[in-house]
Amino acid sequence: MALPQEFLMELKYKNDIETVLSSSVDLKRRGSNLVGLCPFHNEKTPSFTVYPENGSYYCFGCGQGGDVITFVMKNENLDYMDAVRKLADRAGLKVPDSEHDDKELKLKNDVYDANREAAKFFNSYMMSPEGRAGLDYFLSRGLSLKTITRFGLGFAPNDWHALEEHLKKKGFSQYVLQQADLVIKSSKTDEDGNTKTYTYDKFRNRAMFPIINLHGKVIGFCGRAMPGDDKQGGKYVNTADTPVFKKSHNMYALNFAKNVGSNQIILVEGNIDVIALHQAGFENTVAALGTSFTEEQARLLSRYTKEVIILMDSDGAGEKATDRAMDILSAQGVSMKIVRLPKAKDPDEFIKKFGAGAFEARLEKAFSEVEYRLITAARGIDLAAPDGKSKYLIKACEVLAKINNPIAAELYAGKLSEKYGVSKDALLTNIKEYSKKQTWNKTQKELDTIIMPKPQKNEVNPQKHEYRRAVAAEEAIICVLMKHPNLLEDVMQKIDAENMITEFSKRLYRKIISILTSGHHFDLVLLGGEFSPEEIGYVTKLQTSGLGDENPQRVLNDSIKVMTEERERLDKTAVTDLSDDEWANLMQKISKQKTGNKLT
């Protein structure tokens, strides 16, 4: 059951969008609207616009948009109902009962509780004589009991059902344990064809790292195989996505790092690296969670820091991870520096060998993005070879041509000139040539896009690239309805939801009709939990466009005409594939259409 429209409207009005967003975005008034730097991507020129008149926001830089609920969802990494509850608490409102939502909330709370009890179980077992091996492992890694306690570390018994039996005694159902990904359900078929279903603990004989979200709740686990144990599969086993956990949307130890107050966050590869650095005093350290660094994680970090220091392992995989993180952070506009650790394979080993003072010194000597790219441009090149130096300098010029800063390029060219005994003017000439080439290539791509545009996949409406003319008409009709509800009757007489060609437009059109026929004007907040934040952002883009602002009746008539033509074209295309009965039904349908006023 959806939340009542009256409640959603009250929730909106009691959570003024300007007030709520001002706690996260520095907004400045521009006419009747407000603008600021987007919290969802790094930018220097404000493109994030808040529209107090209708309670919406839209970023013209990254396309994020929506209402106050959508903002809280995206900004605090919450799902729809959690965002509603947070805003309701803020406004002193009670969320109406909903059987579906109650079940969803209960499951999430049960999973949170199961994870908390599992973390306590793993920690308690590690502190028992039977689990001493786990405690010895963490102590052997140089961790103190204080650090072990702070991070809630533990140890999973080498038993197939120990955790399952413990949590069942605590009252947790088999279903909840499976939803939390603490217990695995599987089946096996014997030679006679009989299938037997069984369950077992996911984590066994592993050092356990609880994963804690920004609100202090245990959302999952990372389990590391004990040294010498090659019977348990991979070295690391992580919680899969659950109702409360998505790896790509969270980061290990960000719950601690966000409170440090530093302008920098250190990004490393492993959990042990994070814990070792925290213990050494570098509590602004985080790591990705059993996955490669993602765009979502970059956006998450950008909300809590001005600069990311990338510090990956000193091996081939670490270099690739560094390159990936740099590309993702750069695309998000996040400032970064890169640290390389000599004579150590990872931060944990470096701290043990050389101490916190030496590590601090390495941070102070961190490379800028350009410096690091100039260093790594030498990968695979033998600088001692006759043509090695020229090969490297060509790649270095390509790097400098991309920075779009003539003064910085000249400074770096001067350094390269001194180091390699090459004319600075020659380097600058090459840089300019590469810059021109890159600009020309970019211009050509833009021209190709204009002259011969390639169909682009639209995540919200995947059918858009296939039916561009029809979608343009659909969106125009939807825009007219959102802005001019007085034309509802006219639209309903001529357009059924089934006349819409794309599924997204059908769904949106039905919802808008439902809102308007219930006596409300269209409002983003009334889309409720039926549309994703991305879909609501797309609707916000339509709402903020000028489409339908002037001559709405004419826009409506023209759009209906286009839809009629497109529907007929698609119907004719499909006629050759019809059976005789289907063809007869189509002819009857066309005959009725000619005698009526409404598309059917």
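Modeller: Helices here are DSSP runs of H or I with at least four residues, strands are runs of E with at least two, and both are numbered from the N terminus. With that in hand, Gly131 falls in the loop between helix 5 (99–126) and helix 6 (132–140). This is a predicted model, in which local features need pLDDT of at least 70 and side-chain atom pairs count only at pLDDT 80 or more, while totals for chains, interfaces and linings use all residues. Residues are numbered from 1 along each chain as its sequence is written, and side-chain values use heavy atoms, with hydrogens and water left out.

Biologist: Thanks! Why is Gly131 called buried?

Modeller: Buried means under 20% relative accessible area, exposed means over 50%, and partly exposed is in between (1.4 Å probe, protein chains only). Gly131 has 0% relative accessibility, so it counts as buried. Leaving aside residues up to four places away in sequence, Gly131 touches Tyr125, Met126 and Phe155, where contact means heavy atoms within 4.5 Å.

Biologist: Two of those names are aromatic, I see. Which aromatic cluster has Tyr125 and Phe155 in it?

Modeller: One cluster is formed by Phe121, Phe122, Tyr125, Phe155, Phe203 and Phe221. The structure holds 24 aromatic pairs.

Biologist: What makes Tyr58 and Phe60 an edge-to-face pair?

Modeller: Rings of Phe, Tyr and Trp (its six-membered ring) pair if their centres lie within 6.5 Å; planes under 30 degrees apart are stacked, over 60 edge-to-face, and the rest tilted. For Tyr58 and Phe60 the centres are 5.0 Å apart and the planes stand at 80 degrees, giving an edge-to-face pair. As for accessibility, Tyr58 has 7% and counts as buried, whereas Phe60 has 53% and counts as exposed.

Biologist: And how do you know that Phe504 and Tyr538 are edge-to-face?

Modeller: Their ring centres are 6.0 Å apart and their planes make 75 degrees, so this pair is edge-to-face. The pair links distant parts of the chain, with Phe504 in helix 21 (residues 503–517) and Tyr538 in helix 22 (residues 533–544), 34 residues apart. Both Phe504 and Tyr538 are buried.

Biologist: Staying with rings, what makes Lys217 lie over the face of Tyr112?

Modeller: A charge sits over a ring if NZ of Lys or CZ of Arg is within 6 Å of the ring centre and within 35 degrees of the ring normal. Lys217 is at 4.4 Å from the ring centre of Tyr112. Arg507 likewise lies over the face of Phe531, at 4.5 Å from the ring centre.

Biologist: Back to helix 22: why are helix 3 and helix 22 called oblique?

Modeller: Axes are lines fitted to C-alpha atoms, for helices over the stretch in contact, with angles from 0 to 180 degrees between N-to-C directions. Under 35 degrees is roughly parallel, over 145 roughly antiparallel, 65 to 115 roughly perpendicular, and the rest oblique. The axes of helix 3 (residues 68–76) and helix 22 come within 10 Å and cross at roughly 135 degrees, and the two helices are therefore oblique to each other. Thr70, Met73 and Lys74 in helix 3 meet Pro533, Glu534 and Ile536 in helix 22.

Biologist: One last thing: is Lys343 buried or exposed?

Modeller: Lys343 has a relative accessible area of 68%, so it is exposed. Lys343 lies in the loop between strand 15 (335–338) and helix 14 (347–364), and it has a positive phi of about 60 degrees although it is not a glycine.
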